[in-house]
Amino acid sequence: MMSSSSKNEMMMMMSSSSSRHNEKDQLFHILHKIPQGDTPYVKAKHAQLVEKDPEAAIVLFWKAINAGDRVERALKDMAVVMKQLNRTEEAIEAIKSFRGRCPKQAQESLDNVLIDLYKKCGKVDEQIELLKRKLRLIYRGEVFNGKPTKTARSHGKKFQVSVQQETSRLLGNLGWAYMQKSNYLTAEVVHRKAQMIDPDANKACSLGICLIKQGRYDDARLVLEEISQRKIPGSEEIRARNRAAELLMEINTFEPPPSDVSDILGLDDDFLNGLQLLTNEWGPARSKRLPIFEEISSFRDQLAC
């Protein structure tokens, strides 16, 4: 028979072995950023990150959503995997169909995923509408759960984002969307508003492109030279300065634009003046603000020109 001391030693060895196994298991989950457990969501993350099997991960994410297992995370993670497989349209429909199962505080981050998906598959009109809706929510104080900042995550790192920074980011995205529709004048106005709120070099480059597309090369040069001279936040990054340098070189190759708008349109001044008089007399009373600020008029003094 085994003595009591031998039994105690064996139990201690088993306990030590079990403890080491648990430590290894915890380390494995930390390294691979996989939650612990045996639920559909955990299995989906294992398939995505460890087995590198995106198709299997999507099937398991669907199971997690249908089982009510971390629905918000499963929906967003599944959308990311679908995007990687160029199944963007399917990801959009999934979020639209199942976002109702997610809590109210999750809707903002789901909107951000949708905006990224719209951008990926070229749904510019849908992107514009969603961006404008998010900007209206900011005006009404319905973002960040009423708080002045929120915690965001990028490349595994957490950081704080203010309402002003979020507003500027959304306006920058809205300006980019209008650029895709070749509506460079509206894009310029939106980018300028974004720069007034929270300037950065990337949006300055986009503003420079808007001005170049309108043939306003001197204005574009002034904006881009601020990046070269490191006068704008973010211009210390070599990538931003290189992009600004490329655009400045591009400007130097262009011919000066025509000096008069009537020359571009092929219309004489008398015709344009007469047309303006008729518009003023017969047309509905309209604000002189640009269309984008008519459409998002709820911004009022904060966002209207």
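Cys102 counts as buried, at 8% relative accessibility, and Cys210 is buried too, with a relative accessible area of 0%; here buried means under 20% relative accessible area, exposed over 50%, and partly exposed in between (1.4 Å probe, protein chains only). As for disulfides (a pair of cysteine sulfur atoms within 2.5 Å), the structure holds zero. This is a predicted model, in which local features need pLDDT of at least 70 and side-chain atom pairs count only at pLDDT 80 or more, while totals for chains, interfaces and linings use all residues. Residues are numbered from 1 along each chain as its sequence is written, and side-chain values use heavy atoms, with hydrogens and water left out.

On to confidence. The protein chain has a mean pLDDT of 80, with 71% of its residues at 70 or more; pLDDT is the predictor's confidence in each residue, from 0 to 100. Over residues 21-25 the pLDDT stays under 50, and the model gives this stretch one contact (heavy atoms within 4.5 Å) beyond four places in sequence. Residues 286-305 also have pLDDT below 50, yet the model shows 37 contacts for them beyond near neighbours in sequence.

Next comes the nonpolar core, meaning a set of buried Ala, Val, Leu, Ile, Met, Phe, Trp, Tyr and Cys residues joined through side-chain atoms within 4.5 Å. The largest one has 69 residues, and those with the most contacts inside it are Phe61, Leu75, Met78, Ile95, Leu224 and Ile227. Helix H10 (residues 201-213) supplies the largest share of this core, eight residues. Helices are DSSP runs (H or I, at least four residues), as are strands (E, at least two), numbered from the N terminus. Setting aside neighbours within four places in sequence, Ile227 touches Ala201, Ala204, Cys205, Ile232, Ser235, Ala240, Arg241 and Ala244.

Aromatic pairs come to three, counting rings of Phe, Tyr and Trp (its six-membered ring) with centres within 6.5 Å; planes under 30 degrees apart are stacked, over 60 edge-to-face, and the rest tilted. Tyr41 and Phe61 make a tilted pair, because their ring centres are 6.0 Å apart and their planes sit at 50°. Tyr41 belongs to helix H2 (residues 40-49) and Phe61 to helix H3 (residues 54-67), so this pair ties together parts 20 residues apart in sequence. Trp62 and Phe98, with centres 5.4 Å apart and planes at 65°, are edge-to-face. That pair links distant parts of the chain, with Trp62 in helix H3 and Phe98 in helix H5 (residues 88-98), 36 residues apart. Trp62 is partly exposed at 24%, whereas Phe98 is buried at 16%.

Finally, the charged side chains. There are 20 salt bridges, each a side-chain nitrogen of Lys or Arg within 4 Å of a carboxyl oxygen of Asp or Glu. Glu72 bridges to Lys76, with the closest N and O atoms 3.1 Å apart; these two lie in helix H4 (residues 71-84), four residues apart, about one turn of the helix. Glu72 is partly exposed at 24%. Asp200 and Lys203 meet at 2.4 Å, N to O, with Asp200 partly exposed at 22% and Lys203 buried at 10%. Arg216 and Asp219 form another salt bridge, at 3.2 Å from N to O; Arg216 is partly exposed at 27%, as is Asp219 at 32%. Together with Glu188 and Arg192, Arg216 and Asp219 are linked in a network of salt bridges.
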